[in-house]
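Colleague: Could you walk me through one part of this model in detail? I'd like to know how it sits against the rest of the chain.

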Amino acid sequence: MKREFRLLKSSDYTTVIENGKTISTTSVVIHYLENQDISHVRIGVTTSTKTGDAVTRNKVKRQVKAMLDHHINTSREIDIVIIIKKNFLNFEFKQNSEFLYQGLKQIERLYVE
């Protein structure tokens with residue numbers, strides 16, 4: 001994922017989580033908030049230490065970013081924070097990809113114009 005499409009500041013994460021809306025699926029929680037200041041989507045991926053050690057958490061985040069390359073519409077003016085649940089490791093890549101896709105489709109339905 002290119003740098004311009006990522007949330008980089010912790011204040012941006014906090015703003016999206018506190019002021020945005022939430023969608024929860026089996027393996028991820030998606031927080032999203034419209035952003036009129038920027039003309040493209042920005043995404044942040046995070047996970048807690050309950051998910052595993054640093055190697056496992058980084059692997060999971062890389063997997064989610066790879067899933068997003070196929071599912072995300074970058075022309076939207078929206079900030080998204082994806083929080084990976086502990087049970088993410090209980091499912092295979094394809095199943096997790098489907099859960100993520102379902103959550104992103106719910107956001108798309110909300111913003112159809």
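Which exposed residues are carried by the face of α1 turned away from its buried side?

Modeller: Happy to! They are Ser10, Glu18 and Asn19, where exposed means over 50% relative accessible area, buried under 20% and partly exposed in between (1.4 Å probe, protein chains only). Please keep in mind that this is a predicted model, with local features needing pLDDT of at least 70 and side-chain atom pairs pLDDT 80 or more, while totals for chains, interfaces and linings use all residues. Residues are numbered from 1 along each chain as its sequence is written, and side-chain values use heavy atoms, leaving out hydrogens and water.

Now to the other side of the helix. α1 spans residues 10-19, and Asp12, Tyr13 and Val16 are buried in it. These three sit on the same side of α1 because they cover an arc of only 100 degrees around the axis, counted from the directions that run from the helix axis to the C-beta atoms. An α-helix has 3.6 residues a turn, so residues three or four places apart point the same way.

What lies over that buried side? The cover includes β2, β3 and β4 (78-84).

Leucine 8 counts as partly exposed because its relative accessibility is 47%. Its C-alpha atom is 26 Å from that of phenylalanine 93, which is 85 residues away along the chain.

With a relative accessible area of 9%, asparagine 35 is buried. Leaving aside residues up to four places away in sequence, asparagine 35 touches Arg42, Glu77, Ile78 and Asp79, contact meaning heavy atoms within 4.5 Å.

Stepping back, the chain has three helices and four strands, which follow the pattern α-β-β-β-α-β-α along the sequence. Of its 113 residues, 36% are buried. Take the contacts between residues at least 6 apart in sequence: 78% of them join residues at least 24 apart. Along the principal axes, the C-alpha atoms fill a box of roughly 35 × 25 × 25 Å.

Notes: Helices (H or I, at least four residues) and strands (E, at least two) are DSSP runs, numbered from the N terminus.
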